[in-house]
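Colleague: Could you walk me through how to read a protein model?
Modeller: Gladly, let us look at it together.

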Amino acid sequence: MTLIITEETEIQRASTEEQIRSCHRVMRQLRPHLTEEQTFVEQVQRQMSEGYQLAYCQDRGEVRALAGFRFLEFLAWGKVLYIDDLITDSETRRSGHGGKLLKWVIEQGKKAKCDQVHLDSGPQRHDAHRLYLNHGFKIIGHHFALDLK
């Protein structure tokens, strides 16, 4: 099923438990380890206490795309809006919701007088990379991680 963005499409920030809960189904498509809805809600609420924000694009009452982001400051890049999570519902990909949400997030960075917007993306996510490159992002490095568990 393909939907096109309509005038009913809106972007809002999740602030209530119900709004966070409504994002779980789509977030699981990006973060499949978040199997338990209540655990997801509690994790998001903890992260929100540290500055994380969750925004979602809703069309006809359904979450179609979401973005988790925060504002950080780095010696290397200055003030940055960092996108932790960005996903479009697999059922409605290529309908414009992800692009609309990404533009909205970038605008939040501009309003906050950020110097840059950053994100990390898995090497297998070719469609996402195309979206980022089409919105002016550049590949600037490699991300390394060390598992401490």
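Predicted model: local features only at pLDDT ≥ 70, side-chain atom pairs only at ≥ 80, totals over all residues.

Modeller: Residues are numbered from 1 along each chain as its sequence is written, and side-chain values use heavy atoms, with hydrogens and water left out.

Colleague: Which residues touch the most other members in the largest nonpolar core?

Modeller: A nonpolar core is a set of buried Ala, Val, Leu, Ile, Met, Phe, Trp, Tyr and Cys residues joined through side-chain atoms within 4.5 Å. Buried means under 20% relative accessible area, exposed over 50%, and partly exposed in between, using a 1.4 Å probe and protein chains only. Here the largest core has 18 residues, and Ile83, Leu86, Leu101, Leu102 and Tyr132 touch the most other members. At least two residues each come from β2 (53-59), β3 (62-74), β4 (78-88), α4 (97-111) and α5 (126-134). The biggest giver is α4, with four residues. Another core, of 16 residues, lies apart from this one and includes Ala14, Ile20, Leu54 and Leu66.

Colleague: What do names such as α4 stand for, and what span should α4 have?

Modeller: Helices (H or I, at least four residues) and strands (E, at least two) are DSSP runs, numbered from the N terminus. The expected span of a helix is 1.5 Å times one less than its number of residues. For the 15 residues of α4 that gives 21 Å, and its end C-alpha atoms are 21 Å apart, which agrees.

Colleague: What do the buried residues of α4 pack against?

Modeller: Contact means heavy atoms within 4.5 Å. The buried residues of α4, including His97, Leu101 and Val105, pack against β1 (10-13), β2, β3, β4, β5 (116-119) and α5. After α4 comes Lys113, whose phi is positive, near 60°. Lys113 sits in the loop between α4 and β5 and is exposed, because its relative accessible area is 69%.

Colleague: How many salt bridges are there?

Modeller: A salt bridge is a side-chain nitrogen of Lys or Arg within 4 Å of a carboxyl oxygen of Asp or Glu. By this rule there are eight. In one of them, Glu17 pairs with Arg21, with the closest N and O atoms 2.5 Å apart. Both residues belong to helix α1 (residues 17-22), four residues apart, about one turn of the helix. Arg21 also pairs with Glu37, where the closest N and O atoms are 2.9 Å apart. This second pair links distant parts of the chain, from helix α1 to helix α3 (residues 37-48).

Colleague: Is Asp85 buried or exposed?

Modeller: Asp85 counts as buried, because its relative accessibility is 9%. Asp85 forms a salt bridge with Arg31, the closest N and O atoms being 2.9 Å apart.

Colleague: Which residues form the nonpolar patch on the surface?

Modeller: Patches are made of residues with over 30% relative accessible area and no salt bridge: like charges are joined within 9 Å, nonpolar side chains (Val, Leu, Ile, Met, Phe, Trp, Tyr) within 5 Å. Accessible areas come from the Shrake-Rupley method with a 1.4 Å probe, and for residues only the protein chains shown count as cover. Here Leu72, Phe74, Trp77 and Ile140 form such a patch, with about 360 Å² of accessible area together. Leu72 belongs to strand β3 and is partly exposed, at 31% relative accessible area.
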